[in-house]
Amino acid sequence: MPGKLKAKIVAGRHLPVMDRASDLTDAFVEVKFGNVTFKTDVYPKSLNPQWNSEWFKFEVDDEDLQDEPLQITVLDHDTYSANDAIGKVYIDIDPLLCSEAATVISGWLPIYDTIHGIRGEINVLVKVDLFNDLNRFRQSSCGVKFFCTTSIPRCYRAVMIHGFVEELVVNEDPEYQWIDRIRTPRASNEARQRLIFLMSGELQRKIGLKVLEMGGNAVVGYLQCFDLEGESGLVVRAIGTACTLEKISTLPATATLPSNSSPSKDIKEPVFGEEGPGVPLSSGPPTPLRAQTFSSFSPSKSYSRQSSSSDTELSLTPKTARIFLSPSTPALESESSSLPSVHLPHHFRPGMASWSSTPPPLHVSQSDTAMLRKSVSFSEELLLAASGMGSGGSAGKEAGPLKALLRQQTQSALEQREYPFFTLTSFPPGFLLHLGGVVSARSVKLLDRIHNPDEPETRDAWWEEIRQEIKSHTKALGCHAVVGYSESTSICEEVCILSASGTAAILSSRFMQDGPLETDHRLSRQPLVFSTGSERVDGDMGSTASLGFEEMVPPGCEFCHIPYDELNIPFPAQLTYCCCCRRYKVPDVLFTTIDLPTEANITGKGCLIQARLCRTKKKAQGEGNAMAISNLLPFLEYELHTQLMNKLKLRGMNALFGLRIQISVGETMLLGLASATGVYLTALPSPGGIQVSGKTPSDITYEQHISNMQKKINDTIAKNKEVYEINPPEVVEEIIGSPIPEPRQRSRLFRSHSESSDEVSEIDLSHGKKDAFVLEIDDTDAVEDIHALLTDSPTPAGFYSCNTEIMPGIQNWTSAIQMFTSVRVFRLNNVNLTNQGLNKVFSDLCENLLKSLYFKLRSLVPCCLCHLNFTVAIPEDELIQVAVTAVAMSFDKELTLENGKQSGDKSLKKENDEQLQFNLELNAEMSSSNLSSPKGLTEVGSHPSAKASSLEKASPLPEGRSRSLRSNRSYSGSSVAVVRMTPLSFIPGAKIIKYLGIINMFFIRETTSLKEEGGVSGFLHTFIAEVFAMVRAHVAALGGNAVVSYSMKECVFMENPNKNQAQCLINVSGDAVIFVRESEVEAASVHPQSAATQTSNGEGT
Amino acid sequence: MSVELDVFVGNTTIMDKEVYQLWLNGYTVNDAVTLRIEGGVMEECEVLLSDTMDQYRTFQMCERLLHHPAKLANQLLFQIPPDRQAMLIERYYAFDDLFVREVLGKKLSKGTKKDLDDVSSKTGVMLKSCRRQFDNFKRVFKVVEELKGPLVENIRQHFLLPDQLARDYAAIVFFANNRFETGKKKLLYLTFQDFAFCAGQLINNWTLGAVDNMMEDMDVDLDKEFLQDLKDLKILITDKDLLDQHKSLVCTALRGKTNVLNEMEANFKNLSRGLVNIAAKLINAKDVRDFFIDLVEKFIEPCRSDKWTSVDVNLYLTHYTNSAHILDTFKHHSVWTRYMGVIKSCILKMYHE
C-alpha cells in the first residue's frame, strides 16, 4: 500500500433543478477510485448543498494512482425511482504524485455531463500521502515530471537531455463494443471518457518508467495523441524527450543553505532512487554529483521493445563518447578520466585555460574570437565549434581529422540511442550546432482490428518503420539527430496515414554526456544567482564566466552552416559563404520544424506562410484506396513544397521555422496544409526574385500579360520587404531582384511513403536541373497558381502572425494576451469541383478565417498572433474542418528593437530575469501567499469604493490592454480566480515560478436537441467554452493561475442534423503553472537587493 | 458551398460593446451587420457576419447569467474581466426612458406583457428590447418584493447595478407596487426622470424604511401609520381660523418677493385645501394611485394657469410649509414636515414652466 488518496466533498453550487415539483435537488456524491466507492449523505432540497463530508480514504498502489482518475459523481436522490446522475468530475491526481508539483487539489470544479454540459460546480479537496517504500518503482513512475512545453521549462535547468521516449497503448473503443447497442449514449460516452483517462494514465506511467530507466527525471515536449480507429480500436500514443532537470532554486531556503548542499536537493529523492538496482552510487547521500554520475551510463541505454540485443551490446561500452575524445585532446581526456571527481568542475578549468591559450595546430587562427568565447563556456563545445567552423571553410580541410573525430564523438553518443530524436523545438544556447533541414516520412496503412490489446505490435512496428526512415534521411543529410520531432496520423475509414517529421541536426554533446557539463551558458551567465546557492560555481568561475559573456559576440550563424560534406552533398544544393562570418558554407534556403534559435541573427520580422492544397481522389476501398492515396502523396507534398518556396520568395525571405505539414485524408479528397514562419536569416544569401516565363514567346499579348504578372510579383516582393523590414545589411555576391534566375534546388525536404509494408521509396523533390525561380506558365493551372500566390491577402496593419513561439523581430511584449480557438466547417456543395477549384475554396477558407481573427482581435493592435496552429480535417465527404488555436499578444510599437541589438539585449534581459528570480526568492513567501489563495486577490476589491472605481474604468481603452492591467490585481466582486491560457511556453512580462503538473483532458459532448442548442455552431461554441472552463477550474484547483503550452490536440465533430444530433470529442493538454508578474516581483521587494536589481534592469533595457 | 459551422471562443470572452448594444436593441444578425457596415467598422460582410453571429451567440449564452448578475461573477464558463462584467450588467439592465414611461405604474403582469407590441410601435423601441426591459422590471420586482431592508440597496446588491440605475429600478418597482397612475393625459408631459425623482422622495421619506432601516417591512410600501397621521392635517383646512391665519402669515412673508402675489393670495385657500386633502386621502390605496394626478390637478395646473414661475412655486411652498409651524393651535409639526418636504420637492420637479 504505497499510497493513500484522500478526498473530501465540501459543497456544491448552481446545481440544476432535478425535481420539477419543488424546483430543488436532493444531491449526494459518489467518490470512486478504482473499485472502491464512497458516498456522501443526501443534502436535501438545495441547489447549493453543503456536504462537508469526512475524508474519504483510498489505500491504493501507486501504479493505480498513476493510471486511475478520481471519479466524482453527483446524483439526485430519488426515493422511489433510480437516482438521477447530475454529472461527473474526473480528477487526474498525477500532479499530486510529484513533490515539486501541486500538493493539494482544492477548489470549485465544474460538474460535467456528456449530454447536458456543465451543470453546476462542486468544491472538493484531494490529497495524496505517498509512503516511503524503496520498492515502489517497480511498476509505477511517480515523481517523473511531465511537460508539454517543447523547451526546457522556465524554472528548470537541463542537466542532461537523454533523448527520445515513446509508448503506445491500444484498446477497443467502447463506442464500437456490442454493449453500446443497448446502453444509453451517456453511458457510452462516459465509458469512453473513462477509458481514455485510464489509457493516458497508463501511457504516462509507462513512459515515466522508461525515463527512470534512462536516468532522467522528467519528460519535456510530451506529446500525447489519440487515434480513433473506429472499429479497429483506440490507440493512445505519446512521444517525448527524457531529461534530467534541475530546479533553478527559487526557495528562500536554498540561498541560506550551507554551501555544500545540493542544488538538486529539492528534486524528489526517489527520482534517483530508481537507479537502485545495479548502480552502486544510487544509494549514496544526495550530492550535487548524483545527476551527473547517473548520466554517465545513461546514454548507453536504448529503449525500445525491439532493441533488446543492441541494449546489451551497448551497455558493454558505456563510455564510447569519452573514448573518442582521448587521443587528440589531452585536456578532455583528463576530464574524462577525472570522472570520480566530477563534482569539482573548476578543477579542470586551468587545464582548459591553457588549452585555449595554446590552441592545437589544427585550429586556424581566424577562428580565434569564437574560440575564446567558447573556451570560457566549455571546452568540449570549443572543440565542436571549431570543428563545425572548419566544416565549410577553406581552412576546414586541415581540421578534417579532428572534425571527423569530434563528429564521431557526439554521433556515437547519439547513435547509442535507437532514435536520436528530440521533441523539443527550442534548446539551451549552444546545444544546436548545425541544422540540415526538414526530414519527414509518411506511410499509408490499412487498419485492421487490434486483436490483443496487450500486444500492440502492429502499431508499434508501423511507427518503428517510419522512425527508421527518418533516421536514414537524417544520416543522408550528414546529421546525427532530429530535433523538433513530431508524429501524427490522419484516419479515414480504414485508411490511416502515419506521418513523422523533424529537423536533421548536429547537436553539441554537452547535454548528452556525463561529467561536469552542467555549467552551461545559462549558468555562467547568471553568476549572481548561483554563487550563493551552489558550490559548483565559485567566485572565480563566476568572474570568468561573466568575462566570457561580455566578450562573446554571438555570431548567430553557426547553426546555418551546412552539416553535410560540401563535396559529398546528398542532393544538389546551391551553397554560398555565410553572410555573417564569411567563412563557412550555408544553403540558400533553410526549412526547419523548430523554433527560431534565440541566438539566431535575423533581418526584419517574420510572418506566417501557408501552403494549402486540395486534391480530389476517387472513392475506393481497401488496398486500392490505400494505393491511390499513396500515389497521390508525393504530388501533394511536391506542390506544397513548391507553394511554400514561392511564397517564401515572394516575401523576400530565406528560411522557414516551425514547419508543420499536415495531410488529411477523406473519402474523395486529400487536404494538405503546410504552415511555417518565414524569416530572413542574415547568414543565408538573399533570395532572388521570381521569374515568370511563358512557353510561347511569339505571342505579343501573351508576353505583355506575362510581363504584367512579372511586374506584379516584383512589386509584391518589394512591398513585402518593406512590410517585414527586410533590409539585409549589404548584398555582395547576389544582385537583388536580378531577373537572371540562379540555379538552386529545393530538396531540403526528404520524404517518402510506403503503402502497407511496401519498400520505402524515396523521391527527390528537387526540380532537377530546372530552375525553380522560374515559374513557367504553360497552362491555365500555372496561371491560377500564380494568381493564388498573389491573392494571399496581406495581414492588416498592426498585425503580425507566426506559428512559432515568438515572432522573430518582436520583443517588447505587453502583458495583454488573448488565447482563442476558432473552428470552421465548410460544406462543398458543388460535387464536381476540379483540383483548382477545390484549392481556391480551401485557400479562401483559411484566408477568411485569418481575416476574421484579425478583425476580432483588432482591439489588441499592435499585436502578433503567435503559435497560429491550424488543424485540418475532413470529417465527412464534402466537409472541410479547420480549427485554429493561437494566442494574440500585443506589443509596444515604439520600443521595437532593431535587429542588430536583439541577441545581445535578449541575453542581457535573460540575465536580469535570473537576477529577479533571486529577488523573488526573498519574497517568495509574500508572493506565494498572495497567489495561493485566489481569494486574497479578490477580497481587496470587494470594497464598494474599489468597485466604483473599477466601474468608472469600464473604459475606452482597448479591451485587451485594460484587461491586462488589472489582470492580477484585486478583482471587484469576482470570486473566480483568473486563469491565463496560452499555447506558448511563457507568459510575457511574467515569471513562471512553479510547474504544477500536466493537464491532459478528454471530453465528449453529445446532443439530441441540436436545434434547441443553437445549431452546430451554438453546440460547439458552448462545448469549447466549457472545455476552457474546465481546464481553468482544474488549474485553479491545483493552485495555478495559468496554463502554458496549451493545445487542442483533437477536435472531432460529427453531426446528423436530420436526427437533430451532434457529437464532439475534444482533447486538450498543457502545463499548469504559477506565474508572478515581473512588475510585482519588483514592487514586492523591499530589500536592498531590489535596488540593485532595478538598476541593473535599467541598464539592461 | 457554405460555412456550416463557425465559432470563435476566447479564453477571455471577447465582447464588442457596439454589437452588444445592437443585440440589446433587438436587431437581428443581418440588421446588425448592415448597421455595422454603415458604421464603417469593416467593409467585408462575410467577416462581419461571422463576428456578429459569434457575439450574438455569446450574448445569448450569457443572458441566462445576466438574469442573476451575482452569478456572473462566480460562474466558470466565461472568463470576463470585472469591468466587462459591470458593463454587461449595466447595459443589460439599462432601459429606454420612452419605454419605461409607458409601463410605469402598471401591473407587471402577463397582460401588460401582451400589450408590449403596442408599446413597441408607439415608442419605436423594438419588441425584443421591450420584452427584455419588461422582464428586467419584473425580475427585479420579484426579487426585492420579498426582501427586507432598503430598496435601493437591495437592488444594487442583488443586481450589481450602479447607483443611479439602482435608484431608477427602485422607482420602477415602487411605482409598480403602488400602481401609481402615470398614463393619464394630464401627466403625459412628465418624464420618467421626474417620476423617478418623486419616487426617490417618497421612498426616502414616506415608507417605513425611511424611519427605521432595520424594520422588517420594506421600502416598497408607504408607512401606514404616517398615512393615518396625515388625516390629522385636515385641521389646517377645516379650522377656519387656522386657515386664515395661515394665509396671512404666508402672504405677509411673500410680500415684495413675487410678481404673482395677488394670485397667490386669491388661490391660497384652494391650493391649501388641495394639498391637505391629498394628504388626508392617502390612507386609501385608490387615492394613493391618483397621487400624481391629484398634485397636477389640485396644485400645478392652477399655478400654471396663473403663470407662476418655479421660483414663485418654491417660494410659496417654502413659506406655506414654514408658516404652519408658527400657527399656535397646529400641533402636528413632524407629520407636516414629513409630508410637505416630499410634496414640495415633487411639485418643484413636476412643475415645468
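Which strand of chain A pairs with S1(B), in what sense and over how many bridges? In this predicted model, strand S27 (residues 813–827) of chain A pairs with S1(B) in the antiparallel sense over 8 bridges, where helices (H or I, at least four residues) and strands (E, at least two) are DSSP runs numbered from the N terminus, and two strands pair if DSSP finds at least two bridges between them. Residues are numbered from 1 along each chain as its sequence is written, and chains are lettered from A and ligands numbered from 1 in the order in which they are written. Because the model is predicted, local features need pLDDT of at least 70 and side-chain atom pairs count only at pLDDT 80 or more, while totals for chains, interfaces and linings use all residues; side-chain values use heavy atoms, with hydrogens and water left out.

- An open sheet of 5 strands, with mixed pairing, runs in the order S26(A)-S28(A)-S29(A)-S27(A)-S1(B).
- Helix H3(B) lies across S27 of chain A together with S1 of chain B, running at about 55° to S1(B).

**The interface between chains A and B**

- In the contact between the chains, 44 residues of chain B meet 64 residues of chain A, and about 4800 Å² is buried between them, 58% of it on carbon and sulfur atoms; buried area is the accessible area (1.4 Å probe) that two parts lose on being put together, summed over both.
- Chain B and chain A are linked by 6 salt bridges, a salt bridge being a side-chain nitrogen of Lys or Arg within 4 Å of a carboxyl oxygen of Asp or Glu; one of them joins A:Arg858 to B:Asp16, with the closest N and O atoms 2.7 Å apart.
- On the side of chain B that touches chain A, strand S1 (2–10), helix H3 (45–66), helix H4 (69–74) and helix H5 (82–93) of chain B each supply at least two residues, and H3(B) gives the most, with 10 residues.

**A second sheet in chain A**

- A further open sheet in chain A has 4 strands in the order S18-S20-S21-S19, again with mixed pairing.
- Strand S18 (590–591) and strand S19 (602–616) of chain A stand at its edges with a single partner strand each, so one side of each is left without a neighbour in the sheet.
- Strand S20 (residues 655–665) and strand S21 (residues 669–681) of chain A pair in the antiparallel sense over 9 bridges, and A:Ser675 in S21(A) is the bridge partner of A:Arg660.
- Helix H17 (residues 622–650) of chain A lies across S18, S19, S20 and S21 of chain A, running at about 150° to S19(A).
- Helix H20 (residues 835–856) of chain A packs on this sheet as well, touching S19 and S21 of chain A, and its direction makes about 140° with that of S19(A).

**Salt bridges and backbone details**

- Over all chains the structure holds 48 salt bridges, including one in which the side chains of A:Glu121 and A:Arg13 meet at 2.5 Å, N to O.
- A:Glu121 lies in strand S8 (residues 117–130) and A:Arg13 in strand S1 (residues 3–13) of chain A, so the pair ties together parts that are 108 residues apart in sequence.
- Most residues other than glycine have a negative phi, and most peptide bonds are trans.
- The peptide bond from A:Val861 to A:Pro862 is cis, with omega near -5°, and A:Pro862 is found in the loop between H20 and S28 of chain A.
- A:Asp23, although not a glycine, has a positive phi of about 60°, and its place is in the loop between S1 and strand S2 (27–33) of chain A.

Note on methods. Contact means heavy atoms within 4.5 Å. Axes are lines fitted to C-alpha atoms, for helices over the stretch in contact, and angles run from 0 to 180 degrees between N-to-C directions.
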